[in-house]
Amino acid sequence: MACARPAEPPRRAPTPSALEGKGIINPRCHRPPSRACFHCSFLAGSSTVASRSQTPVPGSTPIWSPRKLCPTRFCAGPPGPLGGAGPAFQRESANLSRCTPQPRWLAINKQPGGVRREKELLPGLTLLHTPTSSRLSLFPGSHPCQVTRRAEAMVHQVLYRALVSTKWLAESIRTGKLGPGLRVLDASWYSPGTREARKEYLERHVPGASFFDIEECRDTASPYEMMLPSEAGFADYVGRLGISNHTHVVVYDGDHLGSFYAPRVWWMFRVFGHRTVSVLNGGFRNWLKEGHPVTSEPSRPEPAVFKATLDRSLLKYYEQVLENLESKRFQLVDARSQGRFLGTEPEPDAVGLDSGHIRGSVNMPFMDFLTEDGFEKSPEELRALFQTKKVDLSQPVIATCRKGVTACHVALAAYLCGKPDVAVYDGSWSEWFRRAPPESRVSQGKSEKA
């Protein structure tokens with residue numbers, strides 16, 4: 001006599017109270033609870049309903065993909081952690097209002113730490129699955145089968161696109177999408193006596209781009225280089241550039257490498273709580289090379305209101321890095337050239353600053369993240385670089401350099417590998433050399449001062 005299989009508990013959509021505290025649903029949602037609403041409410045702006053593609057490509061793995069867009073903008077709540085997930089699974093907001101969803105079947109790649117990263121599902125989106133243990137806390141008291149099905153349908157992680165192509169930006173400009181919803185920033189900066197960034201901007205720049213002066217948007221009272229401004233200072237500055245909390249920001253610079261200061265501004269927006277920010281892949285160098293239009297007309301956008309909220313998980317201070325020398329809770333990655341890291345080459349344009357590095361740090365020159373043509377390398381190539389240097393992307397990482405600029409290239413490269421939580425030591429070597437104990441500074445230079 002065959003054993004009767006116990007009846008599965010009836011499937012019920014979770015109540016709003018079960019999700020409001022998890023950052024999943026906006027409590028101001030005017031729609032009644034429904035399966036469609038919960039499936040897509042973790043996305044900001046226009047949201048999607050998850051469904052399975054029906055016809056798989058041979059050899060591929062089925063994934064959840066969008067089927068249709070909800071007609072109203074009802075899920076715009078603030079980002080938050082997903083039910084106990086660790087920092088590597090922190091949710092990024094996204095705006096899909098201009099996306100055209102298409103069901104797809106894509107292969108899934110295994111990542112360090114058990115994270116599965118899928119290829120691009122929609123233009124500009126990367127999805128990560130949360131671990132089963134994180135899903136269970138979303139629905140306390142629910143049957144495990146129900147939790148798994150609901151979580152697979154709705155609890156995905158979204159990383160906003162860190163890179164946009166020159167072709168995408170050119171098409172956006174051509175179709176008139178620049179405005180309050182899309183702003184472009186020229187973040188060029190050059191060493192004194194070499195090139196004049198503002199002058200070059202006035203001569204030619206991407207149509208509609210505003211000049212982001214990193215010398216103005218910083219803590220001018222600090223004795224160290226390029227330190228972050230206050231929340232109010234940053235909010236006021238970018239607000240005058242027509243940027244609100246709902247604006248997608250695209251940033252580039254004119255460096256011959258393809259990108260130099262743009263990742264710093266990308267990180268600045270993220271550390272002040274703004275997720276919808278991207279770097280122009282290839283920079284102004286490739287914008288010109290590909291023959292896209294330029295203009296000398298300055299951009300004069302209407303001022304907007306921007307609210308900055310400092311995300312301290314992406315920022316590290318001197319005291320925290322000093323404590324880490326003993327605790328070793330974070331891996332420390334230095335983005336400067338090998339010679340400056342070792343102390344065999346001087347720090348350029350520096351007075352009273354010897355070269356060298358923080359004891360225990362690993363050297364990953366930021367130039368290695370870029371191709372010869374000035375584009376970011378593929379995630380597979382970037383991941384191989386981290387593996388070669390024995391940097392475990394499943395563990396916490398602090399990025400440093402001389403003044404917190406090229407360190408942001410480390411954060412960007414890790415982000416492209418699916419790790420959005422790399423913190424930057426803002427003071428970097430500029431501060432460390434002047435404040436840290438001598439035994440914490442390592443150098444092979446002749447002076448032995450560092």
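Is Arg340 buried or exposed? Arg340 counts as buried, at 18% relative accessibility; buried means under 20% relative accessible area, exposed over 50%, and partly exposed in between (1.4 Å probe, protein chains only).

**Before moving on**

This is a predicted model, in which local features need pLDDT of at least 70 and side-chain atom pairs count only at pLDDT 80 or more, while totals for chains, interfaces and linings use all residues. Residues are numbered from 1 along each chain as its sequence is written, and side-chain values use heavy atoms, with hydrogens and water left out.

**Stop 1: colour by confidence**

Colour the protein by pLDDT, the predictor's confidence in each residue, from 0 to 100. The mean is 75, and 64% of the residues reach 70 or more. Now select residues 11-140: here the pLDDT is below 50, and the stretch has 269 contacts in the model beyond near neighbours in sequence. A contact means heavy atoms within 4.5 Å. Next select residues 144-157, where pLDDT also stays under 50. For that stretch the model has 48 contacts beyond four places in sequence.

**Stop 2**

Glu347 is buried, with a relative accessible area of 5%.

Now select Arg336, whose side chain also forms a salt bridge with Glu347, at 2.6 Å from N to O. Arg336 sits in the loop between β13 and α11 (338-342), and Glu347 in the loop between α11 and β14 (357-358), 11 residues apart. These labels are DSSP runs numbered from the N terminus: helices are H or I, at least four residues, and strands are E, at least two. Both Arg336 and Glu347 are buried.

**Stop 3**

Glu216 is in the loop between β9 (209-211) and α7 (231-239), while Arg198 is in helix α6 (residues 197-203), 18 residues away. Glu216 counts as partly exposed at 47% relative accessibility, and Arg198 is partly exposed too, with a relative accessible area of 39%.

**Stop 4: helices α7 and α8**

Show α7 and pick its buried residues Phe234, Ala235, Tyr237, Val238 and Gly239. The buried residues of α7 pack against β9 and α8 (262-271).

Move on to α8. Since 10 of its 10 residues are buried, α8 is largely enclosed by the rest of the structure. Trp266, Trp267 and Phe269 are among them. After α8 comes Gly273, with a positive phi near 90°.

**Stop 5: the open sheet**

Switch to cartoon view and find the five strands in the order β12-β17-β16-β13-β15, an open sheet with parallel pairing. Two strands pair if DSSP finds at least two bridges between them. The edge strands, β12 (315-316) and β15 (362-363), each pair on one side only. Strand β13 (residues 331-334) pairs with β15 in the parallel sense over two bridges. In this pairing, Val333 stands opposite Val362 in β15.

**Stop 6: Thr400**

Select Thr400 in strand β16 (residues 397-400). Thr400 counts as buried, at 1% relative accessibility. Beyond four places in sequence, its contacts include Leu332, Val333, Ile358, Tyr425 and Trp429. A polar contact of 3.2 Å joins the side chains of Thr400 and Ser428; this is a pair of N or O atoms within 3.5 Å, where within protein one must be able to donate a hydrogen and the other to accept it, and residues adjacent in sequence count only if both atoms are side-chain atoms.

**Last stop: two cysteines**

How many disulfides does the structure hold? It holds zero, a disulfide being a pair of cysteine sulfur atoms within 2.5 Å. Select Cys401: the nearest cysteine sulfur, that of Cys408, is 7.0 Å away. Cys401 is buried, with a relative accessible area of 2%, and Cys408 counts as buried at 0%.

Technical notes
A salt bridge is a side-chain nitrogen of Lys or Arg within 4 Å of a carboxyl oxygen of Asp or Glu.
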